[in-house]
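Please look over the sequence and the model first.

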Amino acid sequence: MRESLAAAVRVLARYGDGVARRVLRLLSRLNQDAVSVSKLAELSGQSELLQKIDAEHLVDAGLAEALPNGHYWIPELVRAYVRELDPSWSVTSPSPCRASVPHVRPAE
């Protein structure tokens, strides 16, 4: 499983700017399963358009799933793996987030 997650994280490097990886790190710190593009934009300080593109990069890499309600679901296993890559990004560290993300369960 670790190898698959490592490969998926490496896929993000093909986008070149590192923004999708930073978004993944941000999401790994939240105790939320799903997040909206507007909330990502609020948390990151970037535009919704850029956050939508970054979220779709996470989907393309197999690290997130687009939900019908416009949210993106990031499995806990993915978030835990990203936190493990860099312990300074753990959920116990001070968060760079400016707001909390409401908990939203993915539709089944």
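## Helix packing

The cover over the buried residues of helix H5 includes helix H1 (2–11) and helix H2 (19–29). The model is a predicted one. Within H5, which spans residues 76–85, the buried residues are Val-78, Arg-79, Tyr-81, Val-82 and Arg-83. An α-helix has 3.6 residues a turn, so residues three or four places apart point the same way.

H2 also packs against helix H3 (residues 37–44), at an angle of about 95° and with the two axes 11 Å apart. An angle of 65 to 115 degrees counts as roughly perpendicular, and H2 and H3 are therefore roughly perpendicular to each other. The residues of this contact divide into 5 nonpolar, 1 polar and no charged. On the H2 side they are Val-23, Leu-26 and Leu-27, and these meet Leu-40, Leu-43 and Ser-44 of H3.

## The protein as a whole

In total, the protein has 5 helices and 3 strands. Read from the N terminus, the order of these elements is α-α-β-α-α-β-β-α.

Some overall values for the protein follow.

| Property | Value |
|---|---|
| Residues counted as buried | 44% of the 108 residues |
| Accessible surface | about 6000 Å² |
| Part of the accessible surface belonging to carbon and sulfur atoms | 54% |
| Contacts joining residues at least 24 apart, among those between residues at least 6 apart in sequence | 68% |

Definitions and conventions
Residues are numbered from 1 along each chain as its sequence is written. This is a predicted model: local features need pLDDT of at least 70, side-chain atom pairs count only at pLDDT 80 or more; totals for chains, interfaces and linings use all residues. Side-chain values use heavy atoms; hydrogens and water are left out. Helices (H or I, at least four residues) and strands (E, at least two) are DSSP runs, numbered from the N terminus. Buried means under 20% relative accessible area, exposed over 50%, partly exposed in between (1.4 Å probe, protein chains only). Contact means heavy atoms within 4.5 Å. Accessible areas come from the Shrake-Rupley method with a 1.4 Å probe; for residues, only the protein chains shown count as cover. Axes are lines fitted to C-alpha atoms, for helices over the stretch in contact, and angles run from 0 to 180 degrees between N-to-C directions. Angles under 35 degrees count as roughly parallel, over 145 as roughly antiparallel, 65 to 115 as roughly perpendicular and the rest as oblique. Ala, Val, Leu, Ile, Met, Phe, Trp, Tyr, Cys and Pro count as nonpolar, Asp, Glu, Lys and Arg as charged, and the others, Gly among them, as polar.
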